[in-house]
Amino acid sequence: MSSKQLTYDEQLQRMKQFIESGDDFLVVSHVNPDGDAISSTVAVGWLLNSLGKSYTMMNEGPCPAKFHYLWGARDIIEVSHAEAHKYRYVIAVDCADYQRIGKVSERFAEDVKIANIDHHATNDYYGDAHLIRADAAATAEILYDLLEYFGIEWNQEIATCIYTGLLTDTGGFRYTNTTAKVMRVASQLLDYGVQAGELAEHLLERVSKPHIRLLQRTLNTLAYNADHRICWLTVHLSDMEESGASNEDLEGLVSYPRNIEGVEIGILFKEVQEEVYKVSMRSSSAADVSRIAQHFGGGGHLRAAGCTVRGRLDDIIRSVVQEAEKELMANGSA
Ligand code: 5GP
Ligand code: MN
């Protein structure tokens, strides 16, 4: 039976079997990891550790310093620093498709078995064992269920890992993915000692000076389509350099166009290298930005999605905005 037909309980059971039967695991999340990606990585590490399994946590890039307070975060190895070893058991978290794993997939053995744990509606069910629930606010929410299924003993450390994924992927419990279940789980985690105020201050309120410098420059690029329902910002490599910014300093920029009254789709075009742009999209209406992202080979969620597109900036803007206009015609609120 294909995993898509399994109930969530059956998926949990299969995932437990997968984890219990393997050893020497590689735990990986997506390139440019966000709060949910890092939280989910360390939560799986924590589970494997508590089961006495051997494991390595790896990412294509570095773990952003602001997540270093999490249990195990400093043990996540950058792929370029990893020793030459291939893994037969892989647990991929928060990765909607195989490409999102990036260069870490070079460390997979030929006979690799992959567990795919994720909450993206666009997940394509790569791998051998699946734990996928598109109505979960974060992959960390699914890991909460898995940890409960294993009957682990909760403490402040692991609760803080799960809470961090929930907090960041719900934008501080504000986005539409903030369900009653999310609030029940969060409440439970607070009982285990999570410091909610401190985490919100650290993760959501504080911004770096490079972020502010980048914001100053980037707001000058603000542009709208004809009916002002689509709005975008552009970040050039030179802006990154001159602001002293790294990828983590980009976080939150795409909210500025999205939050403007009347705007339904906000977009950020970020130059990654010459003629390669990372496109981040956010929706404030029924318009489904994951469909636009999928058109360009990316994916994501209804209200937050992304893709990478090659070409000249003005051509890319024209074609992405055109797709966004089509999506508004098909599905927008007006
Ligand atoms: P962001 O714009 O913050 O990079 O990503 C927003 C959402 O879209 C996240 O859930 C992220 O995982 C997903 N996403 C971003 N870029 C890509 C991509 O290139 N491919 C896929 N499948 N998902 C993406
Ligand atoms: Mn996520």
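## Ligand and metal sites in a predicted model

A polar side-chain atom of His 120 stands 2.8 Å from an oxygen atom of ligand 1. The structure is a predicted model, and every value below was computed from it.

| Residue | Part of the residue | Distance to an oxygen atom of ligand 1 |
|---|---|---|
| His 120 | polar side-chain atom | 2.8 Å |
| Ser 280 | N or O atom in the side chain | 2.6 Å |
| Gly 306 | backbone N or O atom | 3.4 Å |

Taken alone, ligand 1 exposes 490 Å², and the protein buries 84% of that area. There are 15 residues around the ligand, and those that come nearest are Asp 97, His 120, Lys 278, Ser 280 and Arg 282. By class, this shell is made up of seven polar, four charged and four nonpolar residues.

Which strands supply at least two residues each of the shell around ligand 1? They are strand E10 (276–283), strand E11 (299–300) and strand E12 (304–310). E12 gives the largest share, with four residues. The shell also draws on two domains: domain 1 (3–204) and domain 2 (209–330) each provide at least three residues.

### The manganese ion

Ligand 2 is a manganese ion, coordinated by Asp 36 (OD), Asp 94 (OD), His 119 (NE2) and Asp 169 (OD) at 2.2 to 2.4 Å. Along the sequence, these donor residues follow the spacing D-x57-D-x24-H-x49-D. Asp 94 and His 119 are 25 residues apart and link distant parts of the chain. Asp 94 belongs to the loop between strand E4 (87–93) and strand E5 (108–118), while His 119 belongs to the loop between E5 and strand E6 (129–132).

Asp 239 is placed in helix H8 (residues 237–243). With a relative accessibility of 10%, Asp 239 counts as buried.

Definitions and conventions. Residues are numbered from 1 along each chain as its sequence is written. Chains are lettered from A and ligands numbered from 1 in the order in which they are written. This is a predicted model: local features need pLDDT of at least 70, side-chain atom pairs count only at pLDDT 80 or more; totals for chains, interfaces and linings use all residues. Side-chain values use heavy atoms; hydrogens and water are left out. A residue is near a molecule or strand if one of its heavy atoms lies within 4 Å of it. A polar contact is a pair of N or O atoms within 3.5 Å; within protein, one must be able to donate a hydrogen and the other to accept it, and residues adjacent in sequence count only if both atoms are side-chain atoms. Accessible areas come from the Shrake-Rupley method with a 1.4 Å probe; for residues, only the protein chains shown count as cover. Ala, Val, Leu, Ile, Met, Phe, Trp, Tyr, Cys and Pro count as nonpolar, Asp, Glu, Lys and Arg as charged, and the others, Gly among them, as polar. Domain bounds come from an automatic or database domain assignment. Donors are N, O and S atoms within 2.8 Å of the metal (3.2 Å for Na, K and Ca); water is not among the atoms, so sites may look incomplete. Buried means under 20% relative accessible area, exposed over 50%, partly exposed in between (1.4 Å probe, protein chains only).
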